[in-house]
Amino acid sequence: FTISSPANAVIGRYNLFLQVTSGNKIISRFLGQFVLLFNPWCPGDDVYMANENERQEYVLNENGIIFVGNAKYIEARGWYYGQFQDHLLNICLTMLDLSLYYRQDPAIDVSRRGDPKYVGRVISSMINGNDNDNGVLLGKWQGSFHSHENPSRWDGSVVILQKWRQDNYKPVQYGQCWVFAGVMCTVLRCLGIPTRLVSNFNSAHDVDRNLSIDKYYDSSGKSLNIGKDSTWDYHVWNESWFIRPDLGTSYNGWQVLDATPQEQSK
């Protein structure tokens, strides 16, 4: 016999029992556990990706390149995602159960794990440790790194995720944008969500939400240190592939997710 799960079923660990009823007698036997993931090969799944070459690249490929540097000197860094390595799946599933979303209401959180946009938001929050939620990485952009790992030394996600588990889920020190993005790509691909990295150079950072980068000068043309808007050399984030029934079909496809810690969104 075969067992078929609905295309929108909740992902995670399942216990499988066989129950036999004979007259008034009921016998129940535990057969084992299985893990259900998002399925980009299933046309009914929200993460369905029709192109096999894209599935090979954005779901199954364990190696990638991350572009960093600045607009005049773009550097390609190799990155090992390793989403199929031993224990990685258990680490990713545990990540969901450590989130603030789960701790605040386990039943509602688990019931929403069939929705890739919800899972993407939970994972985005859990990749950084800024919310006191046992997140994977602590960010640092200036000062000395001598007591912990310099972000530029990382070249893959597996070591970071394994260290996070070995240290009893305390944030690993330190990460910057490409590290957050690389680890997030690993976790989402591991759960079956097609994911890629995007690098942006001369990346505008608008603090006061007026959709412009404001610079101030005095009457002689001297720059004034007013306002906190800035332009970064580059920034790296993720895009994941799934449909958006909440917004309409024109929004189906690549969805932006950014695990680098931001200011509170109010």
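I began with the terms: helices (H or I, at least four residues) and strands (E, at least two) are DSSP runs, numbered from the N terminus.

The model is predicted, so I noted the limits: local features need pLDDT of at least 70, side-chain atom pairs count only at pLDDT 80 or more, and totals for chains, interfaces and linings use all residues. Residues are numbered from 1 along each chain as its sequence is written, and side-chain values use heavy atoms, with hydrogens and water left out.

I looked up Tyr169 in the loop between H6 and E6. Its phi is near 65°, a positive value in a residue other than glycine. Tyr169 counts as buried because its relative accessibility is 18%. Buried means under 20% relative accessible area, exposed over 50%, and partly exposed in between (1.4 Å probe, protein chains only).

Next I turned to Asn202, in strand E7 (residues 195-205). Asn202 is not a glycine, yet it has a positive phi of about 50°. Is Asn202 buried or exposed? It counts as exposed, because its relative accessibility is 51%.

I then checked Tyr174, in strand E6 (residues 172-175). The peptide bond leading from Gln173 to Tyr174 is cis, with omega near 5°. I noted these cases because most residues other than glycine have a negative phi, and most peptide bonds are trans.

**A hairpin**

I followed strand E3 (residues 63-70) and strand E4 (residues 73-80), which pair in the antiparallel sense over eight bridges. Two strands pair if DSSP finds at least two bridges between them. How many residues does the hairpin use to join E3 to E4? It runs through two residues. Asn70 stands opposite Tyr73 in E4.

**Two loops**

I found Arg113 in the loop between helix H4 (106-111) and helix H5 (116-127). Arg113 is buried, because its relative accessible area is 7%. Its side chain makes a polar contact of 2.6 Å with that of Asp109. A polar contact is a pair of N or O atoms within 3.5 Å; within protein, one must be able to donate a hydrogen and the other to accept it, and residues adjacent in sequence count only if both atoms are side-chain atoms. Leaving aside neighbours within four places in sequence, Arg113 has contacts (heavy atoms within 4.5 Å) that include Val10, Phe38 and Tyr102.

Last, I looked at Asn150, in the loop between strand E5 (137-139) and helix H6 (158-166). Asn150 counts as partly exposed, at 29% relative accessibility. A polar contact of 2.9 Å joins its side chain to that of Ser152.
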